[in-house]
Structures are given as structure tokens and as C-alpha cells.
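Please look at the sequence and the model before reading on.

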Amino acid sequence: MAENPNQIRMDPADFSTLIPKEIRFSRFKNDSDGFATTLWKMLQWAEQEETRKLNLGIGWISGDEFFMDKKRFCLVTKTPINTLNFRLRNCGFIQSQRRLKDNTFWKCDLFQMNSTPLDLHTIDQRKQGNDENHNIIEQALFTPLIDSVLIYPPNPSKISLFKTDVTLLWHEIVGRQTVWAIDRKEFINATADRFCQSFNSIPGDQYPFDTQQTKFAQYLEANNLDKVKTARQMISYVLTQENKNYVTLLDFFMFFARFGPEECVLEKIHQLLCCSQAFDDWFRPGKQTFDDSKPMSGSYSNTFANCFIIKWSKNITYHIYNIPNAPTGNQTGFLIDETDKKFQTWHAVFGSLIVPTQTMQTYGTPAYDFTNIE
């Protein structure tokens with residue numbers, strides 16, 4: 001499963017031509033092989049070479065468990081993600097361990113490296129109903145929710161893939177398919193648990209303790225805070241939704257556009273809140289919500305999902321966008337403004353605006369306060 005730096009992933013379309021026609025995933029609808037049988041044959045074929053696992057996005061990790069990079073697998077096999085999810089679920093596949101980066105892990109009774117044709121046929125017969133009709137219904141349910149959402153900078157192919165990823169992540173967090181709204185408290189708890197598991201502390205030098213520009217791991221350690229509880233408080237503070245009691249797929253999409261990718265959500269929220277504290281509490285969670293009593297105030301934009309809008313005292317506005325697939329700590333930056341200038345931190349954004357900071361607190365004092373948040 002580990003990627004060898006000497007191995008290079010081919011273009012998905014080019015690699016798909018190397019898969020033997022008799023085992024191609026798309027063929028199972030037209031011959032006697034069902035989903036489980038075809039998936040098993042592809043796993044056996046991929047097992048012969050590590051480069052096949054890397055390029056196909058699946059491979060055995062034990063005699064009865066395999067990994068799957070769904071994004072890669074769907075690109076190579078030209079399979080809609082919802083079709084794949086439905087067939088995995090309908091055949092009885094279950095996730096065997098938590099997600100690791102792009103890889104999910106799966107098991108199914110009778111599905112093993114040494115499964116017999118009868119075993120695989122038994123799994124295939126678990127299919128109920130019409131796959132295509134179900135996929136059409138599922139697509140019809142969620143597509144209108146996010147189709148009209150805008151992401152900056154505009155890139156149709158990347159945005160389409162991002163929307164697919166967010167929908168998949170939503171289902172994994174919620175734990176149920178075809179569920180498009182969930183109780184707010186349940187969502188916050190599940191999301192905090194998920195993002196704490198996937199959280200990656202940024203490598204490199206630590207920020208000085210006498211500034212607000214701390215890293216999330218530093219902040220937790222210096223203030224002796226529980227990571228999960230703090231994550232719940234942060235998510236609760238920055239999350240917005242149309243209905244105060246429920247969080248929908250659309251609400252989650254907006255949230256993730258502002259703070260993704262998954263492993264960096266907590267770090268990005270933390271950096272935003274530290275920056276707000278350092279510069280006169282400029283940020284207010286909400287759309288186009290400003291504090292006119294301050295020389296500078298900002299909130300989420302009501303146009304692009306990943307946009308933050310900062311308003312100056314003379315009604316001059318400045319737009320800054322989170323790059324949803326850009327991690328924190330990289331050299332190019334994860335924030336981009338309307339001139340396409342990139343920044344590595346929120347503090348760098350305000351440094352470019354030449355805004356005086358308020359008196360910095362010592363690091364021993366929490367950089368933001370959630371006293372009134374449950």
C-alpha cells in the first residue's frame with residue numbers, strides 16, 4: 001500500500017487501457033460476473049505488481065482485507081462514486097478501519113484472496129433492486145444541493161471532483177447513506193472525532209511563544225487542552241447552517257470549502273481564530289456579517305463558498321479565499337486573494353494589509369475563548 005517514490009502514477013485514462021478487457025470493472029453489467037466477482041479479479045490482477053496497485057487504487061493488505069483509493073479507482077474505471085458506494089454497501093462490504101489519507105479499508109464475509117467462484121457468486125446475489133435506478137435517485141437527491149455552489153478560482157474539473165469528495169466524506173462522517181441532514185450536536189461530535197483522527201501537525205520550526213501565530217498542536221500543549229473537546233468548540237463556533245438544529249450536506253460543503261482539506265481543517269480554523277484575536281477580533285462567523293464599530297471586520301462571503309470578505313472602515317472590501325485542496329505549511333500557501341497572490345498564513349494576509357496588531361497576549365493565555373460555547 002505504501003507508495004514508492006520511484007513509482008509514478010499514470011494518467012487514469014492511459015492506465016485503464018492496460019487493464020485486461022475480460023476483467024474491466026465496467027464490464028460486469030454486461031456479462032455473468034457481478035460486482036464482487038469483478039472487483040476480486042481486479043484485486044488479483046493488481047496483486048501481481050505494486051505499480052498496478054498504485055495506479056488502480058486497490059490492493060490486498062491481508063488475506064481478507066483490501067485498501068481502496070476511491071477517487072483513483074473511480075477515475076480509472078470511469079465509475080460514478082455513488083454507484084461504487086451503493087454496490088459496496090449492497091454486497092455487504094464494510095469499512096474495517098479508519099481512513100488513512102486517500103485510502104479506505106474494506107472487508108466482506110466470503111470475500112478473500114482465496115475466495116471460490118461460489119463464494120463470489122453468493123456475494124453477487126446479495127444485490128437487490130436496480131443499481132442504475134438507485135444511483136439516479138441518489139444523484140437526484142444531493143446534486144441540486146451543491147450544483148449551484150461556486151468555488152474560486154473556477155476550475156470545472158477540479159470543482160466537480162471536490163464536490164464528489166465532499167459528498168463521500170459527508171457519508172463517511174454521518175455513517176449513513178442517502179442522509180442529507182443530521183442533528184447539529186451529533187454532526188459536530190462526529191466531525192470533531194474524524195478531523196482529530198486525520199489531523200496532521202505541521203512540520204517545521206515552532207512559532208515564538210510571544211505571538212498569537214501559534215500552531216494548533218502548540219496551542220493544545222501550552223494550555224493543557226483536550227484536542228477533541230477543543231475541536232468541537234472550534235467547529236461549533238465557525239460552522240454556519242440554514243437551520244439552527246440541523247446540519248445539511250450543503251452546510252458541510254460550505255464549511256469544508258472554507259477549511260479543507262481534511263487533515264488541515266483544525267489547523268486552518270485555529271490559524272483564522274488566532275489571527276482574528278491578534279487583529280482586534282475582526283472575524284465574525286456568518287455571511288456578510290460585519291461589526292461597523294471596528295475599523296476592520298470580516299466574515300464569510302455570500303458568493304464563493306471558500307471566500308472570506310474583509311471590510312474596511314470606508315466600505316472598501318478585500319476578498320481572500322481558502323484553497324480547499326491546499327495543505328497548511330506548504331511553500332506556495334493555502335490562501336489566495338483576488339489578485340491571485342498567495343499567502344502561507346492568515347497573519348501574512350494581514351501583514352500585507354499593513355494593519356497594526358493589538359497588544360499580544362502571552363502564549364500562556366488561550367488565543368481564543370469559547371467560554372459560552374457548549
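## Backbone, strands and cysteines

At 72% relative accessibility, Asn224 counts as exposed; the word exposed means over 50% relative accessible area, buried means under 20%, and partly exposed lies in between, with a 1.4 Å probe and protein chains only. The model is predicted, so local features need pLDDT of at least 70 and side-chain atom pairs count only at pLDDT 80 or more, while totals for chains, interfaces and linings use all residues. Residues are numbered from 1 along each chain as its sequence is written, and side-chain values use heavy atoms, with hydrogens and water left out.

Most residues other than glycine have a negative phi, and most peptide bonds are trans. Asn224 is not a glycine, yet its phi is positive, at about 55 degrees. Asn224 sits in the loop between helix H10 (216-222) and helix H11 (227-238). Helices (H or I, at least four residues) and strands (E, at least two) are DSSP runs, numbered from the N terminus.

Asp340 is a residue other than glycine with a positive phi, near 70 degrees. Its place is the loop between strand S11 (335-337) and strand S12 (342-343). With 46% relative accessibility, Asp340 counts as partly exposed.

Pro153 lies in the loop between helix H7 (131-146) and helix H8 (156-174). Pro261 is found in the loop between helix H12 (249-259) and helix H13 (265-278).

**Strand pairing**

Two strands pair if DSSP finds at least two bridges between them. Four strands form an open sheet with antiparallel pairing, in the order S1-S2-S4-S3. Its edge strands, S1 (58-62) and S3 (94-100), each pair on one side only. From one strand to the next, the twist averages 30 degrees; axes are lines fitted to C-alpha atoms, for helices over the stretch in contact, and angles run from 0 to 180 degrees between N-to-C directions. Within this sheet, strand S2 (residues 65-69) and strand S4 (residues 103-107) run antiparallel and are joined by four bridges. Phe67 has Phe105 in S4 as its bridge partner.

Which strand does S8 form a hairpin with? S8 forms a hairpin with S9, and six residues lie between the two. Strand S8 (residues 296-300) and strand S9 (residues 307-312) run antiparallel, with five bridges joining them. S9 is also joined by five bridges to strand S10 (residues 317-322), again in an antiparallel arrangement. Ile310 in S9 has a residue opposite it in each of these pairings: Gly298 and, in S10, Tyr318.

**Cysteines**

A disulfide is a pair of cysteine sulfur atoms within 2.5 Å. How many disulfides does this rule give? The count comes to zero. For Cys91, the closest cysteine sulfur is in Cys108, and the separation of 7.1 Å is too far for a bond. Cys91 is buried, with a relative accessible area of 0%. Cys264 is also buried, with a relative accessible area of 5%.
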